[in-house]
Amino acid sequence: MTDLERRCSEAGLKMTGQRKTILEVLGTAKDHPSVEDVYDRAKQLDDSISIATVYRTLSLLDELDLVIRHEFQEGYSRYELNWDHHHHLIDLDTGKVVEFQNDELEALKEKIALELGYELVDHRLELYGKKIKK
Amino acid sequence: MPCAPTPHNHSGDPATDGSRCKCHRAVMQAYKGLIDDQPDSVARQVALRVYRHHHPEDCITVARLTVERWVNEGAPH
C-alpha cells in the first residue's frame with residue numbers, strides 16, 4: 001500500500017482497484033489534470049473505468065481533503081494531490097533531518113513565480129544549518 | 001588541476017573512519033533521513049553537502065566518490 005493509499009484508507013475511503021488507478025494517475029501527474037484528463041489517463045491503465053467513477057472519486061477525495069481543487073477560470077476544475085507538503089532542514093554537523101512547514105514560505109514561492117510570469121507547479125528546497133549553541 | 005588525495009581522505013571503512021571523524025554517521029543519517037521521502041538523487045546530493053561541510057579540503061570528485069561508496073555500502077541489495 002502506498003503512502004497515499006494509506007492516507008485514503010485512514011480517511012475512510014475503501015481502496016478499490018479503480019480508485020487505486022485514479023490515485024496512481026494523480027500521483028504521477030506533473031500538471032493539474034482536469035476530470036477529463038484523469039479519465040483519459042486512467043483509461044489507459046484500466047479501460048473499465050468510467051468517467052462517472054472518476055467524477056465520484058475526485059469528489060470524494062476533495063471532500064476528504066486529499067486533493068486540492070483548482071479553479072483556473074476555465075469553466076472546469078483541475079486537481080492535484082494534497083501532499084503532506086513540507087521541507088527539510090539538515091543539520092550539517094550531525095546529518096539530522098528536520099521537517100518543517102511554513103505558510104509564509106509557500107506564499108512567497110507562489111508570489112515569486114507569479115511575478116516572473118509563471119504559475120508555480122513544482123519546487124524543491126533544502127535548508128542547511130548548524131545548531132546555535134545556547 | 002587533478003584531484004589529489006589529501007591526508008583527510010577516507011579509506012571508505014566506516015569502522016576506522018568513524019573513530020577519527022563524525023562525518024560518516026552524519027552523512028548516513030542525512031541520507032537515511034531523506035531516502036523514504038525524496039528521490040534517491042536528492043538524498044545523495046544532501047549527503048554530499050553534509051560530507052563537504054566536514055571535509056571542505058576534499059575536492060568534489062573525491063567527496064562524491066566517498067559518499068557514493070558509503071551510500072552504496074549502506075543500501076540494501
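Select Asp37(A) and Arg78(A): their side chains form a salt bridge, 3.6 Å from N to O. The model is predicted. Asp37(A) sits in helix α3 (residues 35-45) of chain A and Arg78(A) in strand β2 (residues 77-81) of chain A, so this pair ties together parts that are 41 residues apart in sequence. Color the two by accessibility. Arg78(A) is buried, at 18% relative accessible area. Asp37(A) is partly exposed, at 24%.

Next, pick Asp62(A) and Arg69(A). This is a salt bridge too, with the closest N and O atoms 2.9 Å apart. Asp62(A) is partly exposed, with a relative accessible area of 25%. Arg69(A) is partly exposed as well, at 42%.

Now move to helix α5 (residues 103-115) of chain A. Show Lys109(A) and Glu106(A). Their closest N and O atoms are 3.0 Å apart, in a salt bridge. The two residues are three apart in the helix, so about one helical turn separates them. Lys109(A) is buried, with 12% relative accessible area, whereas Glu106(A) is partly exposed, with 22%.

Jump to chain B and select Asp40(B), Arg44(B) and Glu68(B). Salt bridges with shared partners join these three into one network. How many salt bridges are there over all chains? The count comes to eight.

Stay on chain B and switch to cartoon. Chain B has four helices and zero strands. From the N terminus on, its elements run α-α-α-α. Of its 77 residues, 40% count as buried.

Zoom in on helix α2 (residues 23-35) of chain B. The helix has 13 residues. From first C-alpha to last it reaches 18 Å, close to the 18 Å expected at 1.5 Å a residue. Which of its residues are buried? Show Cys23(B), His24(B), Ala26(B), Val27(B), Met28(B), Ala30(B), Tyr31(B) and Leu34(B): these are buried.

Finish on Glu99(A), in strand β4 (residues 97-100) of chain A. Its relative accessibility is 49%, so Glu99(A) counts as partly exposed.

Terms used. Residues numbered from 1 in each chain as written. Chains lettered and ligands numbered in written order. Predicted model: local features only at pLDDT ≥ 70, side-chain atom pairs only at ≥ 80, totals over all residues. Heavy atoms only, no water. Buried < 20%, exposed > 50% of the residue type's maximum accessible area, 1.4 Å probe, protein only. Expected span 1.5 Å × (residues − 1). Salt bridge = Lys/Arg side-chain N within 4 Å of Asp/Glu carboxyl O.
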